[in-house]
Amino acid sequence: MCCGYLQHGNQRPERTGTTEDVRLRLDSQPWDCPLPARSMDHSGTSMRRSWWKNLYLQVLIAVTIGVLLGVAAPDIATAMKPFGDGFIKLVKMIIGPVIFLSVVVGIAKMGDLRQVGRIGVKALLYFELLTTLALVIGLLVANTVRPGAGMKIDPAQIDTSGIEVYRQAAQEQGVVSYLMHVIPDTFVSAFVDGDLLQVLVIALLSGIALTRMGALGHRVIEGMDELLHMFFGIVALIMRAAPIGAFGAMAFTVGKFGIGTLASLGWLLLSVYVTCLLFVFVVLGAVAHWSKFSLWQFLKYIRGELLLVLGTSSSEPALPRMLRRLEELGCHRSVVGLVLPTGYSFNLDGTCIYLTMAAVFIAQAVGVELSLRDELILIGVLLLTSKGAAGVTGSGFITLAATLGVLGGKVPVEGVALILGVDRFMSEARAITNLIGNGVATLVVARWEGLRDDDTMHAAFARGPRDEAEHNVVAGAAGAPAGSA
């Protein structure tokens, strides 16, 4: 049954009190609607019995079960991979249209193309500053901790059979090829290939064109806005499968690579995770403080999305829901639609930390000491190549192979095989850091441009995510006695 209307038992409610107010709110946000709650004797019982419907808890339980299955029965756990892959494919299916419509509607409704340009420039300046800082921090930590020192690996003895596909993809990367790749072959091919940068190019052009069309453009924009609501409804349906996807992905990861792989390269793994934590709570915490909001409250607000990323090892599945979360926090739709999707290609803080630390680790493991000049080249190249490492599992690995290749053979690309086993485990750290970094970036740029409502943001922090808060209200209202409305 449509969530636009609630039932009390089998009858439509006649009162216009709490339940009807909830109905009106749900009508305005159809993409976040839960299923109607069953009538209970009192609200407390209803809320207690419906805790298990919380997506955050479902994903948490699914991830835990996946880890346990991976440890107890690796063969069975490895066979769970299709569940994770299927869920990610469902999300990727919807990302292109959601990003396109969000950006087009945001630009067109803003109307002022100069303001759109200002937002874009400010976002890119912020991205470059933060990613450079992430690269430098990763380099400093790797040189201080030296996770690869003493391994004395002979490059000739490294099994490179598992990295051939990455090496081949890395050889195809370059500045010119990257820039040409941003331009799609056709309007439709960007959506077929699922390339976010290409979709952004088309969306920017479409939004600018609609802004210049006057009254006719306005009618098209209204239709696209309604279509966007439909796509968010699809997102809500897909998210019901998030626990299954998180279970499958986590079970496969632990079952395939095992705890032994973690132990053998544990020092590198621990160094990357600790560095990402320091970046989030020190650097992004300072940025959040400067922008007048609490990082901790923001992390609690997006806890469901963080768990989803943890379970799938990719930040892409959380993108559609993050668009809604940031709008709920008072950010103007135009800022959210421009900054967040662009950040998925240009503001990958976690990936930057991983790339510098992994590059230095490989050099240390094969007994190569990088000079200051080598490290500066490394940072300069990664400022470009990291922009191509979109938030998809495995893309950072390709970028690492491409980056080592520019050091003139000083660090053998074959050394990438050393971290093949733990790359999947490190992808959780960088994907979560990327997600948090892009959320913080959107809040910062929105306030910088004067398009963030702080009253709305603080109210949202106090209330919690809208879908969880409304689920509790609906459950309470539907379970209340008839005379209490």
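Visitor: What do residues 24 or more positions apart account for among the contacts in the chain?
Guide: They account for 84% of the contacts with a separation of 6 or more, where contact means heavy atoms within 4.5 Å. This is a predicted model, in which local features need pLDDT of at least 70 and side-chain atom pairs count only at pLDDT 80 or more, while totals for chains, interfaces and linings use all residues. Residues are numbered from 1 along each chain as its sequence is written, and side-chain values use heavy atoms, with hydrogens and water left out.

Visitor: OK, and how many helices and strands are there?
Guide: The chain has 23 helices and 0 strands; helices (H or I, at least four residues) and strands (E, at least two) are DSSP runs, numbered from the N terminus.

Visitor: Which residues have the most contacts inside the largest nonpolar core?
Guide: They are F298, L400, I419 and V440, in a core of 123 residues. A nonpolar core is a set of buried Ala, Val, Leu, Ile, Met, Phe, Trp, Tyr and Cys residues joined through side-chain atoms within 4.5 Å, and buried means under 20% relative accessible area, with exposed over 50% and partly exposed in between (1.4 Å probe, protein chains only).

Visitor: What does L400 touch, then?
Guide: Leaving aside residues up to four places away in sequence, L400 touches Y354, L355, A358, A359, I362, V416 and I419. A second, separate core has 5 residues, among them A77, M80, F247 and A251.

Visitor: Switching to α16, is that helix mostly covered or mostly open?
Guide: Helix α16 (residues 319–328) is mostly covered, since 9 of its 10 residues are buried, including P320, R321 and E328. After α16 comes G330, whose phi is positive, near 95°.

Visitor: How do α16 and α17 cross?
Guide: Their axes come within 10 Å and cross at roughly 145°, α17 being residues 333–346. Axes are lines fitted to C-alpha atoms, for helices over the stretch in contact, and angles run from 0 to 180 degrees between N-to-C directions. The crossing is right-handed.

Visitor: Which residues of α16 and α17 meet?
Guide: On the α16 side they are L319, M322, L323, R324, L326 and E327, and on the α17 side R333, V336, L340 and Y344.

Visitor: One more, what should helix α10 span?
Guide: At 1.5 Å a residue, the 16 residues of α10 (residues 196–211) should span 22 Å, and the end C-alpha atoms are 22 Å apart, which agrees; the expected span is 1.5 Å times one less than the number of residues. Buried residues of α10 include L196, V199 and L210.

Note on methods. A crossing is left-handed if the near helix is turned anticlockwise from the far one by less than a right angle, and right-handed if clockwise.
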